[in-house]
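Please keep the sequence and the structure at hand while reading.

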Amino acid sequence: MRLRPGLRVLRRSTTEVQVGTDPRWAVRLVDLTPAQVHALTSLDHTGDLRAPELAPLVGLLDEAGLTTRAAARRVTTGPPGADADAWSLLLADGDGARLVAARTERAVGVVGLGPTGLGTAVALAAAGVGRVLLDDDGPVRSTDVGPCGYRWGDIGADRAVVAARILRDTAPRVRVDGTEPPDLVVVVEHGAADPARSTVLLGSGTPHLSVVVREADTVVGPLVVPGGGPCLRCLDLHRADADPAWPTLVAQLGATRGPRGAAPRDAVEVGVVAGTCAALTAAAVLAHLDGVERARAGVTYEVGVPDAVPRVR
């Protein structure tokens, strides 16, 4: 038995130790002997609890859910290793390495590679997703430059080509090609979701996550799992009930799209909003792929300037 990976062991006093810093699981061990304090604060990266001094404490740590019998192993260095440690604290069996390793067999498509789409793709590749398919035939624009990865020297180049290079720099083993259908598709659009595209994805049975960039905010969601909750068509019908002119507005917003649904020339994505939405999108995708959290049907997150704080709708 060993301590779960990622837990910090802190000395509070000569007779007291704190294990963990997250309020969800942190505990204090009191009335310890100096030998027990030393043994706990001197644990190596394996967290092995076999020291004789720790025998009386193993049951307490196990009762608190801070131990695991999973083999001590890491997926790799870098972001996947950090994810594995975090999930080792959250999973009942403490085997975060198994969960993260399974991501290498998964594939995600990202349509629309502006700052939000590229940020999502980079986050997924960094988290260990084995194949990230990229779709955007537009050029990198000056408004795309920022923390997502595009640089001034990329302006004018094909977004998909530059994005593939950035992904390989981030995660050398990621694949950006292949003919096998993805497990999920992220679609980043401007103004409103394209009804035709969402119908195709629904008909193919492909789970998909809609991200819509508007004038000063972005809507992340819903994540549509065919047969499990409302689809984008359902939401359009709801909006039409609330505003009979909605179908007319959607048609006008769609008319401004470029070839293959590319973003309009005047569409921009605010950097701080794009960064927040890329993180929200990647987190939702990983939760679906990992099977650890069921998406809340019909839920969206609206993120806008100036605060970039997600609001649940």
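## Terms and basis

Buried means under 20% relative accessible area, exposed means over 50%, and partly exposed lies in between, with a 1.4 Å probe and protein chains only. The model is a predicted one, in which local features need pLDDT of at least 70 and side-chain atom pairs count only at pLDDT 80 or more, while totals for chains, interfaces and linings use all residues. Residues are numbered from 1 along each chain as its sequence is written, and side-chain values use heavy atoms, with hydrogens and water left out.

Thr-67 counts as buried because its relative accessibility is 5%. Thr-67 belongs to strand S5 (residues 67–68), where strands (E, at least two residues) and helices (H or I, at least four) are DSSP runs numbered from the N terminus.

The side chains of Thr-67 and Asp-62 are joined by a polar contact of 2.6 Å, a term for a pair of N or O atoms within 3.5 Å in which, within protein, one must be able to donate a hydrogen and the other to accept it, and for which residues adjacent in sequence count only if both atoms are side-chain atoms. Leaving aside residues up to four places away in sequence, Thr-67 touches Met-1, Arg-2, Leu-3, Arg-4, Leu-49, Leu-61 and Asp-62, contact meaning heavy atoms within 4.5 Å.

Three strands form an open sheet in the order S2-S3-S4, with antiparallel pairing, and two strands pair if DSSP finds at least two bridges between them. Strand S2 (9–13) and strand S4 (27–29) stand at the edges with a single partner strand each, so one side of each has no neighbour in the sheet.

Strand S3 (residues 16–19) is joined to S4 by 3 bridges, and Val-19 has Val-27 as its bridge partner in S4. Helix H1 (residues 34–41) lies across S2, S3 and S4 and runs at about 150° to S2, with axes fitted as lines to C-alpha atoms, for helices over the stretch in contact, and angles running from 0 to 180 degrees between N-to-C directions.
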